[in-house]
Amino acid sequence: MVIPAHMINNIADTYFAVIDKNNNRIQCDISYNLPLVECDKERMEMVLINLMQNACRHTKNGIVTITADFVDQYIQVKVSDTGEGISPEILPHLFEQYLKSQSGKSMAKGTGLGLFLCRKTVEAHGGKMWIESRLGKGTNVYIMLPVSSGLSVE
Ligand SMILES: Nc1ncnc2c1ncn2[C@@H]1O[C@H](COP(=O)(O)OP(=O)(O)OP(=O)(O)O)[C@@H](O)[C@H]1O
Ligand SMILES: [Mg+2]
């Protein structure tokens, strides 16, 4: 059982300074009194770290924002950045196992497995994940995790 506000604040406090090489600022805006979620803490932390790493890599002198809210029986976590954004050509392919361009050349700089595994992990928890992005403006990554009834801490 995980308290979302604690988990997110801990991850940001522990990893942001290590991950960010681009002079970005982190902002956490998390509602307290969020219900508990039943999840594999280590795997969910890896998801957050991955998303924070993506945001930091593709943003310079900007802001990485993590928010968490309670929406329709789900915890909605959003990792946003004010960075370079993602081209409409790549956007529909982000969650493919090995992200490749049409020429067959890999478009991802790392293993390209990051988002694929993040989505698999979220789905394994009964949740969903999607991305909105505008080139030159920034990216929003959304995660929805279901809350089991009767677990509210309010
Ligand atoms: N926040 C973001 N801003 C801009 N582009 C992004 C962002 N997040 C992901 N991308 C794009 O999506 C691609 C795939 O991301 P993904 O996390 O799956 O792989 P990766 O970061 O390249 O590799 P890995 O996470 O395995 O090290 C990235 O290479 C990048 O082009
Ligand atoms: Mg990545």
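What do the buried residues of helix 2 pack against? In this predicted model, they pack against helix 1, strand 2, strand 3, helix 3 (114-124) and strand 5 (138-146). The residues in question are Met 44, Val 47, Leu 48, Leu 51, Met 52, Asn 54, Ala 55 and Cys 56. Helix 2 itself runs over residues 41-57. Its 17 residues, at 1.5 Å a residue, should span 24 Å, and the end C-alpha atoms do sit 24 Å apart, so expectation and model agree.

Helix 1 does have a kink, though, of about 30 degrees and centred on Asp 13. Pro 4, Ile 8, Ile 11, Ala 12 and Phe 16 are its buried residues. Their cover includes strand 1 (25-30), helix 2, strand 2 (63-71) and strand 3 (74-81).

How do the two helices meet? Two packed helices are described by the angle between their axes and the distance between the axes. Here, helix 1 and helix 2 pack at an angle of about 45 degrees, and their axes lie 10 Å apart. With that angle, helix 1 counts as oblique to helix 2. The crossing of helix 1 past helix 2 is right-handed. On the helix 1 side, the contacts come from Met 7, Ile 8, Ile 11, Tyr 15, Phe 16 and Ile 19. Facing them from helix 2 are Lys 41, Glu 45, Leu 48, Ile 49, Met 52, Gln 53 and Cys 56.

Notes
Residues numbered from 1 in each chain as written. Chains lettered and ligands numbered in written order. Predicted model: local features only at pLDDT ≥ 70, side-chain atom pairs only at ≥ 80, totals over all residues. Bend = angle between axes of the 7 residues up to and from the residue. Helix = DSSP H or I, 4+ residues; strand = E, 2+ residues; numbered from the N terminus. Buried ≥ 20, exposed ≤ 12 C-beta atoms within 10 Å, placed from the backbone. Contact = placed C-beta atoms within 7 Å. Expected span 1.5 Å × (residues − 1). Axes fitted to C-alpha atoms, helices over the stretch in contact; angles between N-to-C directions. Parallel < 35°, antiparallel > 145°, perpendicular 65-115°, else oblique. Left-handed = near helix turned anticlockwise from the far one by under 90°.
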